[in-house]
Amino acid sequence: MNKQSVDHDVDIVVTNLQPMPAPTFDLVIRHARAATASDTFDTDIGIRDGRIVMLGADLPAGAREIDAGGRVVTPGGVDAHCHLDQPMAPPVRMADDFDTGTRAAACGGTTTVIPFAAQEKGQSLRAAVADYHHRAEGRAHVDYAFHLIVSDPTPQVLLHELPELIREGYTSFKIYMTYDDLKLDDGQILDVLAVAREHGAMAMIHAENADCIEWLTRRLEAAGRTAPRFHAHARPMLVEREATHRAISLAELVDVPILIVHVSGREAVEQIRWARAHGLKVYAETCPQYLFLTAADLGIDDSYHGAKCVCSPPPRDRQNQDVIWAGLDDGLFTVFSSDHAPFRYDAPEGKKPGGEEVAFRHIPNGIPGIETRLPLLYSEGVLAGRMTLGRFVELTATNPAKAYGLHPRKGTIAVGSDADLVIWDEREFVLDNSMLHHAVDYTPYAGQTLRAWPGMTLARGDVVWDGRSFHPRQGRGRFLACSTPSLMPRATPR
Ligand code: DUC
Ligand code: ZN
Ligand code: ZN
């Protein structure tokens, strides 16, 4: 090799050794103790254009910097079961729309919500979706996707609307086995499950036996037992157990995965364990009300205050709370959602329809919880030593994102994922409704001692909650089209 060529080679090498331009970040979060479903690690987080673009120690400076000071940073929560501005029969109306509901979500560390576009009987599914987009458009502060509620599976819905909507990014839907205006019979459920199987959608099932509830309700009413607390008597665990078993059987017949929502206690848990032991792909969700409330919260006398905790299935007892905690720890549950269904207590459009204290049958079902979901589980799950931080992240963010086709964009801390993050403050305080940002006039968790609250929530790199103040920007939340659920392999082909 002559000198000239050596020089030439050297030149080339020197050119290649030119330092790469320093990466530019809109924001760097320093000294994070980042937690994902699988790992906890110390890192800086480099963010550009709303996405995480680099993880590592000593990242170059960003245009803005936030020092997490070694605090735990988790992915923003994905609340995969909440009801916002869902149309109700007058005079009842939900207290939270996409503005107040996503405001409350953000302040409680949730950066993605998946509420329900509900089909009314006789309505086309596509019309329900169009109406729901109209309700969300320009109002949300955090990103959102839609589940569908299929209440009228006509041939048009089964053959055309549902398959097309699944292809367009509405890849999950809820089926009700109770509520007169929503419930499907077994044949209809089979039809809808077959569509889920064929098109790769996730079917969520509300499992309570409608006829048993009606029969019990009539008997309670005939005996003059109409106070809120009798709501729990009309919906004992047996009715949930029977419907859960039936849902599992229907799914087995069709050979399709299902996800049983808002599992309340031992009897439904036993059915799900049985299904898993038989190799069936049955996922399960539970909610804060089954960990922190009992049937006694519906009243120990005939006081109407118990209406605040009327939800379905109803909260059970302390032994059942323990069963739910065990299922959260050991993997029985896949997701932990709020089932936020917001109705004001002292309001004619809320828990006192038309201004009256009504019989339990007529009390709107549901309780608020979109803002308290993560702090309750972080406090009493992680900090009380009942579950690992990784399991907390899995249940509240990673698994819901996977179950509904939003992972890895949502639900994790990784290069390429949206910069949806929560920096946790660990401090003890007693919860009061005045601290919350929903439009509901109570929280069922008032008086509960919490040990943590989000010190900061970032949604696609924007600080939306700084621990004291909410930073509103209606319309910053975008609609997310969902992919096929990626939780587990598809059902075996026939
Ligand atoms: N139960 C439901 O099924 N949905 C909303 C609220 C409730 O309690
Ligand atoms: Zn339900
Ligand atoms: Zn619900």
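A residue counts as near a molecule here if one of its heavy atoms lies within 4 Å of it. The model in these views is predicted.

**View 1. Who's around ligand 1.** Zoom in on ligand 1 and you'll find it sitting in the largest pocket. Its neighbours include three histidines, namely His 83, His 206 and His 262. Two tyrosines, Tyr 176 and Tyr 179, are also in the shell, along with Lys 174 and Asp 339. Cys 311, Ser 312, Ala 341, Asn 365 and Gly 366 round out the surroundings. Sorted by class, that shell has four nonpolar, six polar and two charged residues.

**View 2. Polar contacts to ligand 1.** Look here for the N and O atoms that face oxygen atoms of ligand 1. The side chain of His 206 puts an N or O atom 2.8 Å from an oxygen of the ligand. With Ser 312, it's a backbone N or O atom that lies 2.8 Å from a ligand oxygen. His 262 uses a polar side-chain atom, 3.5 Å from an oxygen atom of ligand 1. On its own, ligand 1 has 240 Å² of accessible area, and the protein covers 94% of that.

View 3. Another zinc ion (ligand 2) is 3.8 Å away from the zinc ion (ligand 3).

View 4. Are His 81 and His 83 buried or exposed? His 81 counts as buried because its relative accessibility is 0%, with the cut-off for buried set at under 20%. His 83 is buried too, at a relative accessible area of 6%.

Note on methods
Residues numbered from 1 in each chain as written. Chains lettered and ligands numbered in written order. Predicted model: local features only at pLDDT ≥ 70, side-chain atom pairs only at ≥ 80, totals over all residues. Heavy atoms only, no water. Polar contact = N/O pair within 3.5 Å; in protein donor to acceptor, adjacent residues only side chain to side chain. Areas by Shrake-Rupley, 256 points an atom, 1.4 Å probe, with all protein chains shown as cover. 1 Å grid on protein atoms, 1.4 Å probe; cavity = no way out; pocket = protein on both sides within 12 Å on 5 of 7 lines; lining within 4 Å. Sits in = over half its atoms within 2 Å of the grid points. Nonpolar A, V, L, I, M, F, W, Y, C, P; charged D, E, K, R; others polar. Donors = N, O, S within 2.8 Å, 3.2 Å for Na, K, Ca; no water. Buried < 20%, exposed > 50% of the residue type's maximum accessible area, 1.4 Å probe, protein only.
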